[in-house]
Amino acid sequence: METLERIIAEHPFFGGLESYYTGLLTGCASNVRFNAGVYIFKEGEPANNFYLIRSGKVALEILPPHNRPINVETLTEGEILGWSWLLPPYIWSFHAHALQDTRAIVLDGKCLRSKCEQNHDLGYQVLKRFGQIMARRLQATRLQLLDMYAAK
Amino acid sequence: MATLETTPVISDPMLPQPYVLQRVDKETPDTFSLTVNPQDRVDDVAFMPGQFSMLWVFGVGELPISISGDPAQKGRLVYTVRSVGKATNALVSRKVGDGIGVRGPFGAGWPLEVARGRDVIVVAGGIGLSPLRPVIYEILQNREQYGRLVLLYGTRSPRDVLYRKELAVWGRQPETQVLISVDYGGLSWHGHVGVVTTLFKYARLQPSRSVAMICGPEIMMRFVTRELEMQGLKREDIYVSMERNMKCGVGLCGHCQYGPYFICKDGPVFPYERIRPLLDKYEL
């Protein structure tokens, strides 16, 4: 049977992390499942956790003024959902909408923030990984903003 | 360095040949595929995937348009045209039976000889899928000559997806992986959303035995080539199709000069290695 610690250790996001740290992370983790169609979180709500997606598909949606939500990114197996838990004001900036039945590991952000404050090595490992994801997604967002396929 | 494939141009490349519009297919709200047949001769309509023609609409002007049809279907040519201005509007407004002038085909095509026996990674952005469609036809019709086909296609929104039915058919073929992404989707779109480079994480690639062919906006191609290199592809195994304001089609007028090259004659398909130093420069 797969243990939470093993799942976390084998997740690409935490690849290369020493077992001591995965043990610390596991103390803040639990399994979670969302049915297709469910909103995992909504813009403006407190952001107190993040998710390691194990299977399924989640859309990040934003609500333009006077319009229907737009899906701006999809996340699937092996990806991370949510970083607003990491930085004040700890508020979600998007809706997260399960497009398929989705299994994930949820990590309690308050618990993890507290451990990162106590153990800065863990904090560095976590921040380093989130920093890479933030940079990659920022770059992708810039390309989306260019609207490069629009008729010129 | 690989020699890219070409077909000989007709004796007077500046003289448009009379063609007749046989069929118009609406691909998206603003993009149409036009099938034309030669009015007189039927023996010289062969083309290499990646080549383009100059399409002439009387009283409006002439446009360079990539050939998007099946190279195995002789005697006709297919062009996918996005209606974005006066000339393209006039072109897609032609009715079946109307005449169109055609010069070409021109230019260097995709390196199919190099690709034989290897996996082919096709990366297309927006209407950049149209000059790559003949490559896909060629591979799927000669399956034993090629390895795996991986198509990564990015476009603006679900309504802008070209060749929707064919994409579904291609994705069901053996040894073929078709991945589609849109930059933003509505609530009814349950496919992938994100720039085309985000598809690489789902692609089953064998970089050491692959050739990549890319066509789309230049900025997309810059990011895709970087991603391909990060995946382990060698630069010499990457080919890109460039676009400029082509006029004569045979490298005489200079309109499409790109550094030391003429896109119409030396391209539009180039080995990435050859034009890499030019790709990051402004105002070329």
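Strand 1 (residues 29–34) of chain A runs antiparallel to strand 8 of chain A and is joined to strand 8 by six bridges, where strands (E, at least two residues) and helices (H or I, at least four) are DSSP runs numbered from the N terminus and two strands pair if DSSP finds at least two bridges between them. Within strand 8 of chain A, A:Arg103 is the residue that stands opposite A:Arg33. Strand 8 of chain A also pairs with strand 3 (residues 49–55) of chain A, again in the antiparallel sense and over six bridges, and here A:Ile53 stands opposite A:Ala104 of strand 8. The model is predicted, so that local features need a pLDDT of at least 70 and side-chain atom pairs count only at pLDDT 80 or more, whereas totals for chains, interfaces and linings use all residues. Residues are numbered from 1 along each chain as its sequence is written, while chains are lettered from A and ligands numbered from 1 in the order in which they are written.

The secondary structure of chain A consists of four helices and eight strands, arranged from the N terminus on as α-α-β-β-β-β-β-β-β-β-α-α. In pLDDT, the predictor's confidence in each residue on a scale from 0 to 100, chain A averages 92, and 98% of the residues score at least 70. Confidence in chain A is highest in strand 8 (residues 102–108), at 97, and lowest in helix 1 (residues 4–10), at a mean of 90. The C-alpha trace of chain A spans about 55 × 30 × 25 Å along its principal axes. Of the 152 residues of chain A, 30% count as buried, that is, 20 or more other C-beta atoms, placed from the backbone, lie within 10 Å of their own.

Chain B has seven helices and 15 strands, and buried residues make up 46% of its 284 residues. An open sheet of seven strands in chain B has mixed pairing and the order 10-9-8-7-11-12-15; its edge strands, strand 10 (192–193) and strand 15 (269–271) of chain B, each pair on one side only. Strand 10 of chain B pairs with strand 9 (residues 176–182) of chain B in the parallel sense over two bridges, and B:Val193 in strand 10 is the bridge partner of B:Val182. Helix 5 (residues 218–231) of chain B lies across strand 7 (119–125), strand 11 (210–215) and strand 12 (238–241) of chain B, running at about 165 degrees to strand 11, with axes fitted to C-alpha atoms, for helices over the stretch in contact, and angles from 0 to 180 degrees between N-to-C directions.

Between the two chains, 18 residues of chain A are in contact with 25 residues of chain B, contact requiring C-beta atoms, placed from the backbone, to lie within 7 Å. On the side of chain A that touches chain B, strand 5 (70–76) and helix 4 (120–146) of chain A each supply at least two residues, and strand 5 of chain A gives the most, with five residues.

Conventions: Buried ≥ 20, exposed ≤ 12 C-beta atoms within 10 Å, placed from the backbone.
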